[in-house]
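The sequence and the structure come first.

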Amino acid sequence: MSSMTTAIILAAGMGTRMKSRYPKAMQRLGNRPMIWHLIETARQVVDRIVVVIGPGMDDLARQVSPHTTVIQHERLGTGHAAKTGVDGLEEGRAVILYADNPLLTADTMQRLLDAQGEQENVLSLLGMRPAVPGHYGRIVTGPDGQVERIVEFKDASDAERRITLCNAGMMCAEVAQLKDWLSRITPENAQNEYYLTDIVALAARQGRVSCVEGTEDELAGINSRAELAEAEARLQQRLRQKALQQGATLIDPSSVFFDPDTIISADVVIEPNVFIGPGVTLEEGCVIRAFSHLEGCVVKQGVVIGPYARLRPGTVCHEGSHVGNFVELKNTTLGAGSKANHLSYLGDSQIGAGSNVGAGSITCNYDGVFKHGTVIGEGCFIGSNTIMVAPIQIGDDAMTAAGSVITQDVPAEALAFGRTRQDNKAGKGKALQQALRKKKEQG
């Protein structure tokens with residue numbers, strides 16, 4: 001018998017209640033499509049992944065690549081979707097998952113697999129006891145406590161609806177047995193669909209069906225925007241706890257948003273209202289001040305970011321550098337000890353160690369077609385409101401005068417003036433203001 005374990009993820013649902021043109025599995029959770037989370041979890045536990053999608057879901061197919069996708073051409077229920085995924089398998093066992101259960105942990109998935117492998121168990125499934133059982137299917141057990149069947153809420157009697165143990169949807173069995181059970185279910189129910197849950201009664205006649213219980217926080221399905229928001233809150237709470245356990249200080253944890261791939265070291269301090277997107281590394285002792293937005297960047301030891309700063313993809317802030325209020329960096333390297341403290345934009349730039357970028361300075365990196373780079377050497381002083389028109393290089397220990405427009409390279413140690421001489425016209429200022437006021441009064 002093959003030891004291969006395959007995860008079959010059912011993702012063909014359109015998510016009508018989401019009121020979106022995107023498939024439910026593509027709704028965003030923690031900065032990622034919902035299905036991304038489940039695939040990342042499954043990769044830790046199973047040998048391969050097969051995703052069942054609906055027709056025309058090309059974006060979803062690209063998202064889950066390189067994993068295999070199969071198309072459920074007719075939406076005839078969860079049993080039909082599972083059969084679509086299982087039919088292409090030859091041996092081993094399969095665990096059937098739902099794309100709208102993205103918070104499932106690797107530990108619980110492994111417990112589900114382990115339970116199926118126990119003696120006499122032919123099928124294992126996940127159950128939970130939610131605070132409000134609502135419309136979840138109910139797991140019916142016999143006098144000995146063994147699972148006998150699952151009844152969907154719409155088909156349940158009043159007595160069955162009072163059962164608190166609810167079906168979380170996911171289950172595991174040998175491929176051969178799954179194929180057999182799925183070939184025998186019928187759409188004789190309130191929705192005229194093939195229910196995956198109907199295989200539980202068939203399995204119970206052949207052997208033991210085991211229920212592995214998990215928490216509602218982990219297993220609750222997502223079918224609406226409100227439930228998506230609840231899942232986001234659960235995910236963020238999980239990520240905040242992880243950051244705290246890794247030695248970070250969160251001044252107001254509930255106001256900080258993480259991405260699942262955030263890498264964070266000890267003694268990092270994060271102030272309130274910080275958003276951290278994909279691809280961020282925060283090294284030991286850095287400080288992220290309030291209302292800052294980071295994505296795709298590396299913040300090294302002792303760096304101070306913000307408040308109100310934005311670091312965009314490709315940015316690296318080296319040891320001891322400072323990025324201040326209303327400063328935006330994109331695809332920029334800020335050298336060790338360098339500072340850009342006020343109201344600046346630095347794009348596609350390389351800034352050497354120990355340089356200072358004055359308030360209001362910007363790099364003009366885009367000509368409408370191409371992006372161009374700016375190189376600022378070590379120990380430079382860029383005067384306030386300097387406009388650097390790329391491509392351009394400013395040598396080590398050079399300075400630019402405040403208010404300059406720099407269009408040519410600046411040699412090392414030079415002082416660059418890129419502005420016209422001031423010319424004061426006596427009396428003209430008052431006369432012009434009077435003329436403007438008169439024009440305004442005349443409408």
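Which side chain meets that of Lys300 in a salt bridge? The partner is Glu283, with an N to O distance of 3.4 Å. A salt bridge is here a side-chain nitrogen of Lys or Arg within 4 Å of a carboxyl oxygen of Asp or Glu.

The model is predicted, so local features need pLDDT of at least 70 and side-chain atom pairs count only at pLDDT 80 or more, whereas totals for chains, interfaces and linings use all residues. Residues are numbered from 1 along each chain as its sequence is written, and side-chain values use heavy atoms, with hydrogens and water left out.

**Salt bridges**

The structure holds 18 salt bridges. Side chains of opposite charge can pair when their charged atoms come close.

| Pair | N to O distance |
|---|---|
| Asp259 and Arg32 | 2.8 Å |
| Arg129 and Glu213 | 3.2 Å |
| Lys300 and Glu283 | 3.4 Å |

In the salt bridge between Asp259 and Arg32, the closest N and O atoms are 2.8 Å apart. Asp259 belongs to the loop between strand E12 (249–250) and strand E13 (263–264), while Arg32 is in strand E3 (residues 32–33), so this pair ties together parts that are 227 residues apart in sequence. Helices (H or I, at least four residues) and strands (E, at least two) are DSSP runs, numbered from the N terminus. Both Asp259 and Arg32 are buried. The classes of exposure are defined as follows: buried means under 20% relative accessible area, exposed means over 50%, and partly exposed lies in between (1.4 Å probe, protein chains only).

The side chains of Arg129 and Glu213 form another salt bridge. This pair also links distant parts of the chain, with Arg129 in the loop between strand E7 (121–128) and strand E8 (138–141) and Glu213 in strand E11 (residues 208–213), 84 residues apart. Arg129 is partly exposed at 45% relative accessibility, and Glu213 is partly exposed with a relative accessible area of 36%.

For the pair of Lys300 and Glu283, the side chains meet at 3.4 Å, N to O. Lys300 lies in the loop between strand E19 (297–299) and strand E20 (304–305), and Glu283 in the loop between strand E16 (281–282) and strand E17 (287–288), 17 residues apart. Lys300 is buried, because its relative accessible area is 18%, whereas Glu283 counts as partly exposed because its value is 22%.

A network of salt bridges links Glu295, Arg310, Arg312 and Glu328.

**Backbone geometry**

Most residues other than glycine have a negative phi, and most peptide bonds are trans. The peptide bond from Ser65 to Pro66 is cis, with omega near 15°. Pro66 lies in the loop between helix H2 (58–64) and strand E5 (68–71), and Pro66 counts as exposed at 74% relative accessibility. A cis peptide bond also joins Ala390 and Pro391, with omega about 0°; Pro391 is in the loop between strand E33 (387–389) and E34.

Positive phi values occur at Tyr308, near 55°, and at Phe326, near 55°. Tyr308 is placed in the loop between E20 and strand E21 (310–311) and is partly exposed at 38% relative accessibility. Phe326 is placed in the loop between strand E23 (322–325) and strand E24 (328–330), and its relative accessible area of 49% makes Phe326 partly exposed.

**Annotated positions**

According to the unreviewed UniProt entry, His342 carries the annotation "active site". Such annotations may be inferred rather than shown by experiment; positions are given in the numbering used here and feature names are shortened. His342 is in strand E26 (residues 339–342) and is partly exposed, with a relative accessible area of 38%.
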